Amino acid sequence: MSGRSGMAVVYYATRDGQAQRIAEHICRKLDEGGTPTAPRNLLPDLPAPGELAAAPLIVLVAAVRYGKHLPEADRFLAAYRALPAPPPLALASVNLTAGNAYLRKTIARHQLTPALAAAFAGRLDYRRYGWRDRQIIRFIMLLTGGPTDPDTCIEYTSWDAVEDFAAQIAALQRSE
Ligand SMILES: Cc1cc2nc3c(=O)[nH]c(=O)nc-3n(C[C@H](O)[C@H](O)[C@H](O)COP(=O)(O)O)c2cc1C
């Protein structure tokens, strides 16, 4: 195991908190019966390359904004890819539809070979968004048949799917 030991290290990139909630849920599942650890925000600073290299397994939960994972998630993956011997990666995308297209693009752009990859549906909360974002997303919803009421707040996340993902990470951790 090349000097790596301990638990998976969980990172997240968020703007409105859903990727963080998902990362926290994964941590709670991984820690069941053990010492709780907190997931780490990629803002304001990315982890040092040494921290990444020493992790037995890396989990990244990254939210999507306007067709892409957040920029700090991209910077993180570039740093991860530059490691001489990167640890296994479990990658999760958070977007409105649990769509895989964002994952496929990110995996291709960074030439990743994640041990696990999953997409989770996030949250729609118009009241949190600024005027411009709210109007654009309402317009997209109008086109795609989603909710347009500006008071809408819906959590689409399947916590069962998040728990399945955490169980797969735990199994990977045991096999490392
Ligand atoms: C400004 C903005 C742009 C978004 N763009 C997309 C998008 O292109 N595709 C998508 O599936 N979801 C999109 N979403 C939905 C978010 O991915 C979803 O709300 C997710 O829960 C956000 O994660 P966060 O709470 O961790 O920031 C967008 C949301 C906002 C507020």
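Let me begin with pairing: two strands pair if DSSP finds at least two bridges between them, and strands here are DSSP runs of E with at least two residues, helices runs of H or I with at least four, numbered from the N terminus. What we are looking at is a predicted model, in which local features need pLDDT of at least 70 and side-chain atom pairs count only at pLDDT 80 or more, while totals for chains, interfaces and linings use all residues. Residues are numbered from 1 along each chain as its sequence is written, and side-chain values use heavy atoms, with hydrogens and water left out.

Strand E1 pairs in the parallel sense with strand E2, residues 40-41, over 2 bridges, and there Tyr12 stands opposite Asn41. E1 also pairs in the parallel sense with E3, over 5 bridges, where Tyr11 stands opposite Leu60. Both faces of E1 are covered, with Val9, Tyr11 and Ala13 buried on one side and Val10 and Tyr12 on the other; buried means under 20% relative accessible area, exposed over 50%, and partly exposed in between, using a 1.4 Å probe and protein chains only.

Turning to helix H4, residues 101-109, we find Leu103, Thr106 and Ile107 buried. Seen down the axis of H4, these buried residues fall within an arc of 100°, taken from the directions from the helix axis to the C-beta atoms, so they line one face of the helix. On the other side of H4, Arg104 and Ala108 are exposed. After H4 comes Gln111, whose phi is positive, near 50°.
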